[in-house]
Amino acid sequence: MADKNKSNATIGFEKEIWDAACVLWGHIPTTEYRQVVIGLIFLRYVSTAFEHRYQELVAEGDGFEDDKDAYKEVNVFYLPKESRWETISANAHKPEIGKVIDTAMEAIEKENPSLKNVLPKNYANPDLDQSVLGNVVDIFTNVNMSDNEEKDLLGRTYEYCIAKFAAKEGKKGGEYYTPSSIVKTLVSILKPFSNCRVYDPCCGSGGMFVQSANFIQEHTGRRGTISVYGQEANPDTWKMAKMNMAIRGIDADFGPNPDDTFAHDLHKTLRADFVLANPPFNYHPWGQENLVDDVRWAYGLPPAGNANFAWIQHMIYHLAPNGKIGLVLANGALTSNSSGEGEIRKKIIQADLIEGIIAMPTQLFYSVTIPVSLWFITKNKKRKGRTLFIDARKMGHMVDRTHRDFSDDDIKKLADTFEQFQNGTLSDEKGYCAVADIATIGEHGFVLTPGRYVGIEEQEDDGEPFEEKMSRLTSELSELFEKSHELETEIRKNLKGLGYDL
C-alpha cells in the first residue's frame, strides 16, 4: 500500500520520463513519443503489480501462482509470460524488441477483451529505431512503480509529457489532467458509497473514478462496488481511461468510442448519484448553434463562446433525485455576467442547488497556473437555502519550485468543514469559511467568490501603537518615493544619451 502522506503533486519518476524523451528526441514525432511512453509505463505498471502478487502466491506455497483467479480477486492483471517485463527487458537490445512489445500488448488484449484495440501496438514500426527503443526500455526497467497504486498514473504521465514538450517547443500543451489533491478533495467531500453510480462527462484518463474506487475501498473494503460511466472526446485519453480502469479491476462504461459530450450524449438516460468532473476551462466553440433548444439548458442557453455553464447544466441534468456534483471550474464562472452567464448562475442559486464553493490555490496543475474553484452542487441539500464558502488559497505546500500539493490533513480539514456545515455545527471563521443564505448571495449580485463572504482573517496585534506605526510606514514610503524619483531621473538621463527624450 502506498504511503498516503506522500506527495501526489508529482508522479515520482519525472526524471526517467525526461531521460526517455531525450533518448527518443528527433527519432519520432512528439505525438508518437507520448504513445510510446504511455504504453511502456502501462506494461511496467501491470508487470510490477503482477510480480508482487506472484511472489506473494509463491510465498504462500499453495501452488496458485499460475491461477488467474488468484490475481483477479485482488484486481491484478494476470500476465502471460510474453507480457511480463522480464521478457521485455531481456529482449531490450535485440533487433526484434518492437515485435516483442507488440506481442506483449496483443497477449494482454486477448486476456482482457475490454482492452481490444485499446493498447498501443506500433513498436515494431520500421520508423522507430529499435536500438533507441531498447535504451528507453532500459530506463523504465529501473523505474520503481510499486508506490503508485493510488495515482492516476497514466494521466499524470501524459500531462507531464505535454507540459515538458510545450516548454521545449514554445507551445501551449492545450491539455491537462486533474491533480490528485483536487480529486481527493472532491471525493472526500462527496463521499461516494457502495453500489453508487459515478459519472464524468469529460473523463480524461479516469482519475476521478480511480479516487472514488479508492475511497470506497478504504471505507468498505470492497473496491468493485461502483458503477462507472464516462465520456471522452479525445481518442488517446479515452484509451487511457479504459486502460486505467482495466488495471484496477473497475468495470466502466465509456461508450463504444470517443465522442463529444454535447453533440452526442452517450448516457442520455443516466441519472447518477455522483458526478465528478474537471471540464476544459472556458471551452469554445462547443457547438451551441446546433443545440439551442436542448432539454439540458433548464436554467438558460449557455453562450456560444464559453461552455462553463453548458457543462454545469449538463451535469445537473444527469443527477439522480439526491445526486451530488463536484467539479472544477476556472474562477471566471464565479463572477461572469457576460452573454447571460450571470442570469444562469442566479437561477441555479435560486433553485437552491449550490451547496458549497472552495477557492483553491494556484500551482496545483502541471501545465496551467490558472486559479480554480471547486463547485459542489446538490439536489435535495441537507442545509436548505444555505451555501458554504471556503477560501483555501493559502492552504497546501510547495513540493518543488512549480508544484503545490495538499497534505492528507489539508484535505481532511476541508472535508471536516463540509461535514460540520451539513450537520449545522460550523461556525464562521474569518478568512477561511462562512455560510451564506440565498438572500445574502443575492445582495452580492449572485457572485460566488468565497472571499466576498469569508472576509479577511483577523491579524494578531503586534503591540505597536497605531500612531507610531503610521509614522514609521509613511516615513518608509517617503524614502521609497524619493528613491523612485532618483531612478526616474537616471533612466531619463540614460535614454537621452541614446537619443530618446521622454
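**Sheet, helices and backbone of a predicted model**

Phe274 stands opposite Lys324 in β5. The model is predicted: local features need pLDDT of at least 70, side-chain atom pairs count only at pLDDT 80 or more, and totals for chains, interfaces and linings use all residues. Residues are numbered from 1 along each chain as its sequence is written, and side-chain values use heavy atoms, without hydrogens and water.

The chain holds 17 helices and 11 strands. Both are DSSP runs numbered from the N terminus (helices: H or I, at least four residues; strands: E, at least two). Of the 502 residues of the chain, 51% count as buried. Buried means under 20% relative accessible area, exposed means over 50%, and partly exposed lies in between (1.4 Å probe, protein chains only). The chain exposes about 23400 Å². Carbon and sulfur atoms supply 50% of that area. Accessible areas come from the Shrake-Rupley method with a 1.4 Å probe; for residues, only the protein chains shown count as cover. Among contacts in the chain with a separation of 6 or more, 72% come from residues 24 or more positions apart. A contact means heavy atoms within 4.5 Å.

Nine strands form an open sheet with mixed pairing. Their order is β3-β2-β1-β4-β5-β7-β6-β8-β11. The edge strands are β3 (252-253) and β11 (433-437), and each pairs on one side only. Two strands pair if DSSP finds at least two bridges between them. Strand β1 (residues 196-200) pairs with strand β2 (residues 226-230) in the parallel sense, over 5 bridges. Asp200 has Gly230 as its bridge partner in β2. Strand β4 (residues 272-277) pairs with β5, also in the parallel sense and over 5 bridges. Strand β5 is mostly covered, with 9 of its 12 residues buried. In a regular strand the side chains alternate between the two faces of the sheet.

Helix α14 (residues 408-422) lies across part of this sheet. Axes are lines fitted to C-alpha atoms, for helices over the stretch in contact, and angles run from 0 to 180 degrees between N-to-C directions.

Elsewhere, two helices pack together. Helix α5 (residues 97-111) meets helix α6 (residues 130-141) at an angle of about 60 degrees, with the axes 9 Å apart. The two helices are therefore oblique to each other. Angles under 35 degrees count as roughly parallel, over 145 as roughly antiparallel, 65 to 115 as roughly perpendicular and the rest as oblique. From α5, the contact uses Ile97, Gly98, Lys99 and Ile101. From α6, Gln130, Leu133 and Val137 take part. These residues divide into 4 nonpolar, 2 polar and 1 charged. Ala, Val, Leu, Ile, Met, Phe, Trp, Tyr, Cys and Pro count as nonpolar, Asp, Glu, Lys and Arg as charged, and the others, Gly among them, as polar.

Three loops carry backbone features. Between β4 and α11 (308-317) lies Pro285. The peptide bond from His284 to Pro285 is cis, with omega near -10 degrees. Asp352 sits in the loop between α13 (341-350) and β6. Phi of Asp352 is near 60 degrees, a positive value in a residue other than glycine. Asp352 counts as buried, at 18% relative accessibility. Gln363 belongs to the loop between β6 and β7. Phi of Gln363 is also positive, near 70 degrees. With a relative accessible area of 25%, Gln363 is partly exposed.
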